[in-house]
Amino acid sequence: MKNTTTKGLEAEGVACEYLENLHYQIIARNVRKKFSEIDIIAKKDGVYRFIEVKSGKGFDPVYNMTPQKIKKIIKGMLSYMASNKIDAPYCIDLVVVRNGECELYENVTF
């Protein structure tokens, strides 16, 4: 039986492949900042995309993207942008992986 870390990394791999097929440039994975972890940082059409990946069975993983999770991602995203001196458009996206299939939700802020 796979642990949650292994399952998460597998889902992120599926998500990266999916995003690359949509012409996203993958910049980094599993970026750890003081406040949070960002699953995937990508770029498309000049926009930096900070992407959370959610997966699971027996429930819809989209519901794991909570306002609290978004707040943590925002803190990590701003820290990453400041430390890398990035001054460009950005957004937070969500990729939900269900049974190996991906669904992209763009600009998921509340």
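This is a predicted model: local features need pLDDT of at least 70, side-chain atom pairs count only at pLDDT 80 or more; totals for chains, interfaces and linings use all residues.
Residues are numbered from 1 along each chain as its sequence is written, and side-chain values use heavy atoms, with hydrogens and water left out.

**Neighbours of strand 4**

I next followed the pairing, for which DSSP must find at least two bridges between two strands. Strand 3 (residues 47–55) runs parallel to strand 4 and is joined to it by eight bridges, and I found R49 partnered there with C91. With helix 2 (residues 67–83), these two strands make a right-handed β-α-β unit, meaning that, with the strands pointing away from the viewer, the path from the first strand over the helix to the second runs clockwise. On strand 5 (residues 101–105) I found five bridges to strand 4, in the antiparallel sense, and R98 has E101 as its bridge partner. Two residues lie between the strands of this hairpin, where N99 takes a positive phi near 50 degrees.

**Cysteines**

I counted zero disulfides, a disulfide being a pair of cysteine sulfur atoms within 2.5 Å. The sulfur of C91 has its closest cysteine sulfur in C16, 16 Å away and so too far for a bond. For C16 the closest cysteine sulfur is that of C102, which at 9.6 Å is also too far.

**Salt bridges**

I counted eight salt bridges, each a side-chain nitrogen of Lys or Arg within 4 Å of a carboxyl oxygen of Asp or Glu. One of them joins D60 and R98 at 2.9 Å, N to O. Because D60 lies in the loop between strand 3 and helix 2 and R98 in strand 4, the pair ties together parts that are 38 residues apart in sequence. Another joins K69 and E52, with the closest N and O atoms 3.7 Å apart; K69 sits in helix 2 and E52 in strand 3, 17 residues apart. I checked their accessibility too: E52 is buried at 3%, whereas K69 is partly exposed at 22%. Finally, I noted a network of salt bridges that links R49, D93 and E106.

Key. Helices (H or I, at least four residues) and strands (E, at least two) are DSSP runs, numbered from the N terminus. Buried means under 20% relative accessible area, exposed over 50%, partly exposed in between (1.4 Å probe, protein chains only).
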